[in-house]
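This report looks at one residue, then at the helix pair around it, and lastly at a ligand shell.

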Amino acid sequence: MIEVHNIQKAFNGNQVLKGITCTFETGKCNLLLGGSGTGKSVLLQCIVGLMKPDLGSITFDGTVFTNNKVDIRQEIRRKIGMLFQGGALFDSMTVYENTEFPLKMLTPEMSREERRDRVEFCLKRVGLENAGTKMPSEISGGMKKRVGIARAIAPQCTYLFCDEPNSGLDPATSIKIDQLIQEITYEYNITTVVITHDMNSVIEIGDHIIFMHKGLKLWDGTKDEILNAQVPELREFIFSSSLVRAAKKVDEESEGGLEALANGPLSEV
Ligand SMILES: Nc1ncnc2c1ncn2[C@@H]1O[C@H](COP(=O)(O)OP(=O)(O)O)[C@@H](O)[C@H]1O
Ligand SMILES: [Mg+2]
């Protein structure tokens with residue numbers, strides 16, 4: 001479990017995070033939901049140590065990360081996998097080399113054969129067992145995300161952070177990537193944090209959802225609770241999605257519309 005306590009961050013007097021307190025649960029897909037510019041990416045960068053918060057603390061499974069000794073912080077960072085927005089693959093490396101890269105960096109004690117086994121395992125896990133020799137320019141957007149996921153999990157991460165994993169993907173591919181992230185989370189009991197503004201992702205994989213608005217956490221709960229949440233800003237955010245609005249109407253008229261939305265048509269898109 002990751003515990004975030006009163007995280008604040010300002011840039012030149014612009015208070016972007018105004019005291020965020022939340023938890024990300026182990027073995028679950030925790031979604032950071034909110035419109036653009038609300039501070040989701042800044043919060044994520046504070047959590048993984050790419051940015052220093054002005055105030056507050058972050059604890060990974062009971063070990064304090066913020067302002068702790070360098071070696072303790074490094075130990076935690078070794079357990080963090082990141083899937084960056086846009087994939088961020090190395091263009092000059094093959095799919096295989098991209099996946100192998102963090103192993104070379106983080107686990108120099110691994111032999112070449114051990115690395116090969118791990119890379120092959122991870123590429124197979126994301127359905128890319130035959131794409132190892134391809135260059136990023138030769139594969140589709142969805143495949144690039146898969147490589148990003150393989151690279152993130154290669155060092156056997158305990159924590160996985162995905163910033164807008166669906167950006168630039170069509171809806172059908174988005175759902176497949178969401179499902180892959182969810183399967184991996186459950187299989188390896190990872191504490192996963194997914195940044196999104198996509199209600200489809202909420203309904204597909206939102207085990208635990210944290211709604212952010214203008215640098216504040218306004219609500220948290222599950223995908224079963226979110227459609228009945230009474231926070232005005234959240235309701236406005238949710239019901240700007242016409243699909244959700246339509247399902248809500250069906251639900252009120254006949255019961256089960258929301259369940260159908262979660263289990264039925266969307267999963268088959
Ligand atoms: N390094 C930075 N320096 C100054 N302002 C920043 C920086 N990073 C983000 N911001 C500002 O913080 C706000 C929140 O950004 P961000 O966390 O990227 O939003 P989002 O919720 O879309 O991920 C924005 O107004 C952005 O301009
Ligand atoms: Mg962002």
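## A residue and its surroundings

Leaving aside residues up to four places away in sequence, I177 touches G142, K145, P165, N166 and L169, where contact requires C-beta atoms, placed from the backbone, to lie within 7 Å. I177 is part of helix α6, helices being DSSP runs of H or I with at least four residues, numbered from the N terminus. Because 23 C-beta neighbours fall inside 10 Å, I177 counts as buried, the cut-off being 20 or more other C-beta atoms within 10 Å of its own. I177 and M143 are 34 residues apart in sequence, with a C-alpha to C-alpha separation of 9.3 Å.

The model is predicted, so that local features need pLDDT of at least 70 and side-chain atom pairs pLDDT 80 or more, whereas totals for chains, interfaces and linings use all residues. Residues are numbered from 1 along each chain as its sequence is written, while chains are lettered from A and ligands numbered from 1 in written order.

## The helix pair

Helix α5 (residues 141–153) and helix α6 (residues 171–188) have axes that come within 10 Å and cross at roughly 15 degrees, with axes fitted to C-alpha atoms over the stretch in contact and angles running from 0 to 180 degrees between N-to-C directions. The two helices, α5 and α6, are therefore roughly parallel to each other, a term for angles under 35 degrees.

In this pairing, G142, K145, I149 and I153 of α5 meet T173, K176, I177, L180, I181 and I184 of α6.

## The ligand shell

Ligand 1 is surrounded by residues including F11, V16, G34 and K40, each with its C-beta atom, placed from the backbone, within 6 Å. Helix α1 (residues 40–48) supplies the largest share of this shell, three residues.

Conventions:
Angles under 35 degrees count as roughly parallel, over 145 as roughly antiparallel, 65 to 115 as roughly perpendicular and the rest as oblique. Two residues are in contact if their C-beta atoms, placed from the backbone, lie within 7 Å. A residue is buried if 20 or more other C-beta atoms lie within 10 Å of its own, exposed if 12 or fewer, and partly exposed in between; C-beta atoms are placed from the backbone.
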